[in-house]
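Please have the sequence and the structure open alongside.

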Amino acid sequence: GGDRIAHVLVDDFVERFRRFWNDPHPANLGSLLTDDVRLVQPLSPPTQGLAAAQASFRRLFAQFPDLRGSVDRWCGDDHSVFIEFRLHGTLGRRPLEWPAVDRFTLVGDKASERVSYFDGVPLVVALLRHPLQAWRLATR
């Protein structure tokens, strides 16, 4: 019935999320997010709309070109999905990894809102060790 259909939709969404973070490109965000999506995350202001989300991710990938994500676990229904995952990349030749949880509000098979939860302190400390890269990120 309806629960099975919702489970298939959520499974598909999580798989698209996993594929995105295996080889992330801002242009591919449209497979996950609605045109009017709202993104909320620590360390940067919220964005509204797919184009603003793509611009935000372009800045992120300019700073961390090798950034990838690995899904650890998830739960959800046809309205809300929580994905626990780890982001990893390098900054100044040093490996960097941090856990995050994203909460998505689904409309059909895409998210109209994503709220990301993570401890930004380790990321800020890493950026402070590399002031030139931090400055580049802040001025993009």
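The points below take a helix, one of its residues and then some strand pairing.

1. A word first on the source: this is a predicted model, so please read every value below as computed from it.

2. Helix α2 covers residues 50–63, which makes 14 residues.

3. Which residues of α2 are buried? They are Leu50, Ala53, Gln54, Ser56, Phe57, Phe61 and Gln63.

4. Gln54, which sits in helix α2, deserves a look of its own. Its relative accessibility is 18%, and because buried means under 20%, Gln54 counts as buried. A polar atom of the Gln54 side chain lies 3.3 Å from the backbone oxygen of Pro26. Beyond its neighbours within four places in sequence, Gln54 is in contact with Pro26, Ala27 and Leu29.

5. Now to the strands. In which sense does β1 pair with β6, parallel or antiparallel? Strand β1 (residues 33–41) and strand β6 (residues 110–117) are parallel, with four bridges. Here Arg38 stands opposite Glu113 of β6.

6. Strand β6 also pairs with β5 (residues 94–107), this time in the antiparallel sense over seven bridges. Val101 has Tyr117 in β6 as its bridge partner. The hairpin of β5 and β6 has two residues between the strands, and Gly108 there takes a positive phi near 65°.

Key: Residues numbered from 1 in each chain as written. Predicted model: local features only at pLDDT ≥ 70, side-chain atom pairs only at ≥ 80, totals over all residues. Heavy atoms only, no water. Expected span 1.5 Å × (residues − 1). Buried < 20%, exposed > 50% of the residue type's maximum accessible area, 1.4 Å probe, protein only. Pairing = 2+ DSSP bridges. Polar contact = N/O pair within 3.5 Å; in protein donor to acceptor, adjacent residues only side chain to side chain. Contact = heavy atoms within 4.5 Å.
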